[in-house]
Amino acid sequence: MPGLRYQPGGVSLFTKDEEVFVMSEWIQTYTRGQFPFFECQPGHFCIKDIARALSHICRFTGHVKKFYSVAQHSVLVSEQTKNPFLGLMHDASEAYVGDMARPLKYALGSESVYHQADRQINAALEKRWAALANVSADRKSTRLNSSHRC
């Protein structure tokens with residue numbers, strides 16, 4: 001089973017067959033924050049970072065005639081669901097792990113480091129904005145603007 005091994009200066013990602021050392025345990029975000037990639041908590045997320053990153057990630061690995069961002073896709077999904085906030089945030093983890101071509105994502109398997117990181121980030125995102133997912137649509141934008149740290 002894949003896992004993480006912490007050591008000075010970084011973290012090792014390992015499976016039964018290989019181990020890869022990653023120099024840093026965090027990534028720098030648009031708002032100049034440090035996002036601890038493998039130990040993220042609900043308080044580490046900033047809506048500005050998510051919006052900025054998703055607006056710069058092209059869907060379909062860029063194979064489109066006109067740029068179509070993950071953010072655009074999320075807005076369209078939010079307009080077609082009963083809970084617009086959940087539709088808007090359904091791909092929020094991609095702000096941190098990126099978008100991956102579906103055939104490769106499935107070929108990696110559900111226990112890959114990519115999927116582990118994605119699940120951990122999604123769980124922390126759900127905790128971060130759990131209250132917003134349950135409030136009425138007219139209050140969401142107000143609560144969203146007043147509850148984030150950046």
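Is Arg 119 buried, partly exposed or exposed? Arg 119 is partly exposed, with a relative accessible area of 40%. Here, buried means under 20% relative accessible area, exposed over 50%, and partly exposed in between, with a 1.4 Å probe and protein chains only. I shall return to Arg 119 after an introduction to the chain.

The structure is a predicted model, in which local features need pLDDT of at least 70 and side-chain atom pairs count only at pLDDT 80 or more, while totals for chains, interfaces and linings use all residues. Residues are numbered from 1 along each chain as its sequence is written, and side-chain values use heavy atoms, with hydrogens and water left out.

Let me begin with the overall layout. The protein chain has eight helices and five strands. Helices (H or I, at least four residues) and strands (E, at least two) are DSSP runs, numbered from the N terminus. Along the sequence the order is β-β-β-β-β-α-α-α-α-α-α-α-α. Of the 150 residues of the protein chain, 37% count as buried. The accessible surface comes to about 9200 Å², and 56% of that belongs to carbon and sulfur atoms. Such areas come from the Shrake-Rupley method with a 1.4 Å probe; for residues, only the protein chains shown count as cover. Among contacts with a separation of 6 or more, residues 24 or more positions apart account for 44%. A contact means heavy atoms within 4.5 Å.

Helix α6 has 16 residues and reaches 22 Å from its first C-alpha to its last, close to the 22 Å expected at 1.5 Å a residue. That expected span is 1.5 Å times one less than the number of residues in the helix. Its buried residues are Tyr 114, His 115, Ala 117, Asp 118, Ile 121, Ala 124, Leu 125 and Arg 128. What does Ile 121 touch, not counting residues up to four places away in sequence? Its partners are Phe 35, Phe 37, Cys 40, Phe 45, Ser 93, Tyr 96 and Val 97.

In helix α1, the buried residues are Ile 47, Asp 49, Ile 50 and Leu 54. Seen down the axis of α1, they fall within an arc of 160°, so they line one face of the helix. The arc is that of the directions from the helix axis to the C-beta atoms.

Helix α2 (residues 70–78) has Val 70, His 73, Ser 74 and Ser 78 as its buried residues. These cover an arc of only 135° around the axis, which puts them on the same side of α2. They pack against α1, α3 and α4. Ser 74 has a relative accessible area of 2%, and touches Gly 87, Leu 88, His 90 and Asp 91, leaving aside residues up to four places away in sequence.

The loop between α1 and α2 also deserves attention. Arg 59 is located in this loop and is buried, with a relative accessible area of 18%. Arg 59 and His 73 are 14 residues apart in sequence and 8.1 Å apart in space, C-alpha to C-alpha. Excluding residues up to four places away in sequence, Arg 59 touches Val 64, Tyr 68, Ser 69, Val 70, His 73, Asp 91 and Asp 99. Thr 61 is found in that loop as well; it has a positive phi of about 50° although it is not a glycine. Most residues other than glycine have a negative phi. Arg 32, in the loop between β4 (26–28) and β5 (34–36), likewise has a positive phi, near 75°. Arg 32 counts as exposed, at 65% relative accessibility.

Finally, I return to Arg 119. Its side chain meets that of Glu 111 in a salt bridge (4.0 Å, N to O). A salt bridge is a side-chain nitrogen of Lys or Arg within 4 Å of a carboxyl oxygen of Asp or Glu. The structure holds one salt bridge. Glu 111 counts as partly exposed, at 38% relative accessibility.
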